[in-house]
Amino acid sequence: MFHPDGLDAFDSYFGAISRFTESREATMWTTSITISHWSIRPVSISQAHVQMFKENRNNGDFPPVSIARLGFGTAPRKNLGSPEPSDIVEERCSSLVITGDPAGHLWICSIWSSLTDAESITPPIHVLPSILQRFIHQQACGRCLVFLILLGHLCEKLAGEYEMILSRLDIIVGLGEKVLLEGLEWGTSEAVNRLKKMLWGLEALRVFNDRLSASLSQIQKAQEAMERTVKQKAGQQHVDVLQEYNNVIEEFEKRYGMLSDVQIRTQLKISQVTGLRDGISTVTNVEDSQTALRDSKTTIKQGNNIRILTYITIAYLPLGFITGLFSIEHATFMNKVGNNGFAILTVVFFLGTYALALSLENIIDQFERFRREKWGRPGKSDKTDRSSDVRNGDEAASKLSFNVMGSCFGLRRRREFADGSEGEEKISEVA
């Protein structure tokens with residue numbers, strides 16, 4: 001039902017935040033609440049229907065194309081093409097407005113929401129006449145209870161909407177019963193894909209939780225305002241009226257509790273996804289560490305093989321040298337050497353070569369130490385000579401300048417004084 005008194009709430013309907021307001025003027029009492037939430041609609045809805053109820057709000061594919069390519073649940077997609085989106089997630093708002101005179105006698109109620117329809121809201125509306133009849137002498141209280149009844153209906157529908165969103169997220173990310181029945185694949189590629197989906201699911205849960213928390217805060221604020229008004233206007237109540245009031249509050253708290261339970265489950269899923277994300281990150285890091293460990297073992301094994309080949313090469317070096325000596329045609333000194341001499345020379349050169357190879361690093365270190373002690377660091381002596389020449393030049397220049405000044409002023413520089421005080425006295429007398 002649309003009426004001019006509810007236009008202020010319809011203005012807030014197109015906002016992106018939840019808000020509860022209650023204003024009382026001389027001739028008007030307006031109570032309104034706008035609940036901002038997320039909603040999922042299938043793509044199969046006709047474009048004519050979408051254009052008819054288009055509100056120019058944020059919307060997008062659910063899940064996005066980048067996540068849909070990874071597949072749903074624990075089975076990755078084999079076709080890497082762009083999948084067709086099945087659902088659309090978009091921002092929505094639900095507004096409930098009651099306007100009337102300050103005494104609560106004459107008022108009009110307006111509901112603007114995509115959460116409910118005429119069939120769903122009919123049972124709560126049929127309850128309203130009995131409530132108003134019971135509070136015929138306290139119509140302001142009856143007005144507040146009607147507001148709570150209709151707000152409780154919206155809470156119930158909003159809880160169902162968020163439950164559907166959570167179930168869809170479980171299917172996309174691969175949580176819930178699928179983990180129990182199919183388990184988790186911890187291979188490297190599967191872990192990375194699952195980690196990507198969990199990061200997206202975690203951020204989606206946080207967005208939904210933030211919007212749901214804001215809605216619950218405003219609903220709680222509306223409940224407190226209605227209860228405060230009832231206590232101010234009620235006065236002395238009959239037992240039946242008090243019982244009806246308690247029944248309405250109990251039903252509202254039951255429906256509000258359904259929405260609070262959804263928020264609790266959302267926060268638990270955030271904790272669960274965060275833990276699984278950290279676990280998968282750890283598994284991925286362990287896989288990388290194992291790969292790096294295998295590579296390091298391979299490198300060490302290759303280094304050992306190279307060292308063995310080096311030792312074998314060193315073993316052939318003295319053999320080649322001795323063979324070269326015996327193969328010289330004009331070397332008469334090798335004519336008298338027999339097999340025993342060949343063996344002795346081979347052993348001697350073999351041991352000497354290995355001793356030199358094993359002590360080569362120590363020999364280089366000793367040579368470097370000896371070179372530093374004997375000649376110092378390279379280039380240091382040249383720098384020292386140049387610096388001493390510069391200092392000598394500066395001293396000569398200072399002596400020359402002092403002699404020139406002394407000749408001008410009648411002063412002469414003494415070379416040495418046996419007594420420092422005597423020299424100072426003579427200089428002062430000359431001055």
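## A proline in a loop

Let's start with P63, which is found in the loop between β3 (59-62) and α3 (65-68). Here helices (H or I, at least four residues) and strands (E, at least two) are DSSP runs, numbered from the N terminus. F62 and P63 are joined by a cis peptide bond, with omega about 0°.

This is a predicted model, where local features need pLDDT of at least 70, side-chain atom pairs count only at pLDDT 80 or more, and totals for chains, interfaces and linings use all residues. Residues are numbered from 1 along each chain as its sequence is written, and side-chain values use heavy atoms, leaving out hydrogens and water.

## Two packed helices

Now look at α4 and α5, which pack at an angle of about 165° with their axes 10 Å apart. That makes α4 roughly antiparallel to α5 (a word for angles over 145 degrees). Axes are lines fitted to C-alpha atoms, for helices over the stretch in contact, and angles run from 0 to 180 degrees between N-to-C directions.

A pocket is an open set of points on a 1 Å grid over the protein atoms alone, where a 1.4 Å probe fits, with protein on both sides within 12 Å along at least five of seven lines; lining residues have an atom within 4 Å of a point. The second largest pocket is lined by 15 residues, and P124, V127, I149, E251 and R255 lie nearest its centre. The elements giving two or more residues to this lining are α4 (118-134), α5 (139-173) and α8 (239-326). Of these, α8 provides the largest share, 6 residues.

Notes. Angles under 35 degrees count as roughly parallel, over 145 as roughly antiparallel, 65 to 115 as roughly perpendicular and the rest as oblique.
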